Amino acid sequence: MLIAPSILAADFSALGEEIKKTKGADLLHIDIMDGCFVPNISIGPDVVAALRDKTDLIFDVHLMIIKPLRYIEKFVKAGADQITFHVECEDDTNAVIDEIHRFGIKAGLAIKPSTPVSVLAPFAEKLHTVIVMSVEPGFGGQSLIPETLTKIKEIKQQFPHILVEVDGGVNRDTIKLCHESGADILISGTGVFRAEDPQKEIEFLRSGK
């Protein structure tokens with residue numbers, strides 16, 4: 001089980017110091033929001049680039065934006081190791097995946113709570129990861145929607161080569177459900193960055209107890 005702390009819950013005034021809290025994690029989840037696809041604005045490629053030399057963690061960049069195609073190169077140059085975008089975006093899905101692969105990094109798709117797993121089928125062979133949103137995307141600190149976790153089992157059964165990430169409301173209260181669902185990667189923002197001991201919290205999440 002891999003753990004990916006989400007910097008959306010970090011103190012943005014001290015991101016360099018905040019990243020030190022992620023010691024022991026496997027990836028750093030970076031949410032990019034444009035204020036249009038979701039009703040929130042987060043950070044851009046310049047901030048990602050500024051963080052790149054602060055950690056050796058894999059940069060798991062999650063584009064919650066309407067037009068991801070025009071920004072792929074910018075985030076690759078900023079240090080993204082893998083880029084996930086939403087199948088519900090306005091750009092052609094195959095074109096975005098191909099653009100990500102053009103730069104030699106891994107591509108993933110994210111699906112909202114109301115989006116069925118069936119939409120992944122035409123693109124599955126090109127995907128490294130799928131993010132199952134267990135909350136409505138846009139804001140951290142929300143409660144996990146348990147019904148969304150059934151999608152993880154569906155994906156693992158239909159597309160066993162894909163790593164499944166669960167994003168939203170992952171914490172001590174929901175960790176057992178996430179483990180039982182078969183998720184490969186747990187994304188946790190508030191659960192890690194607001195914990196009294198983030199390193200201990202990362203190991204607790206990994207254990208699934």
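1. Gly104, which comes just after helix H4, takes a positive phi of about 75°. This value, like the others in this note, belongs to a predicted model. At the other end of the helix, Asp92 caps the N terminus of H4, with a side-chain oxygen lying 3.3 Å from the backbone nitrogen of Asn94.

2. Between these two ends, H4 covers residues 93–102, and its buried residues are Thr93, Val96, Ile97, Glu99 and Ile100. These residues lie on the same side of H4, because they cover an arc of only 160° around the axis.

3. Strand S4 deserves a separate comment. Five of the five residues of S4 are buried, so the strand is largely enclosed by the rest of the structure. Both of its faces are covered, with Gln82, Thr84 and His86 buried on one side and Ile83 and Phe85 buried on the other.

4. The pairing of S4 can be followed on each of two neighbouring strands. With strand S3 (residues 58–64), S4 pairs in the parallel sense over four bridges, and the bridge partner of Val61 in S4 is Ile83. With S5, S4 again pairs in the parallel sense, here over five bridges, and Thr84 stands opposite Gly108 in S5. The chain passes from S4 through H4 to S5 in a β-α-β crossover that is right-handed. S3, H3 and S4 likewise make a right-handed β-α-β unit.

5. Which residues touch the most other members of the largest nonpolar core? In this core of 58 residues they are Ile30, Ile32, Leu63, Ile83 and Ile155. Helix H3 gives the most to this core, with four residues. Apart from it lies another core, of eight residues, among them Ala4, Ala110, Ile185 and Ile187.

6. Ile83 links several of the points above. Leaving aside residues up to four places away in sequence, Ile83 touches Val61, Leu63, Ile72, Phe75, Val76, Ile100, Ile105, Lys106, Ala107 and Gly108. One of these, Val61, is also the residue whose bridge partner in S4 is Ile83, while another, Ile100, is one of the buried residues of H4. Leu63, also touched by Ile83, is itself among the residues that touch the most other members of the largest nonpolar core.

Technical notes
Residues are numbered from 1 along each chain as its sequence is written. This is a predicted model: local features need pLDDT of at least 70, side-chain atom pairs count only at pLDDT 80 or more; totals for chains, interfaces and linings use all residues. Side-chain values use heavy atoms; hydrogens and water are left out. Buried means under 20% relative accessible area, exposed over 50%, partly exposed in between (1.4 Å probe, protein chains only). The arc is that of the directions from the helix axis to the C-beta atoms. A polar contact is a pair of N or O atoms within 3.5 Å; within protein, one must be able to donate a hydrogen and the other to accept it, and residues adjacent in sequence count only if both atoms are side-chain atoms. Two strands pair if DSSP finds at least two bridges between them. A crossover is right-handed if, with the strands pointing away from the viewer, the path from the first strand over the helix to the second runs clockwise. A nonpolar core is a set of buried Ala, Val, Leu, Ile, Met, Phe, Trp, Tyr and Cys residues joined through side-chain atoms within 4.5 Å. Contact means heavy atoms within 4.5 Å.
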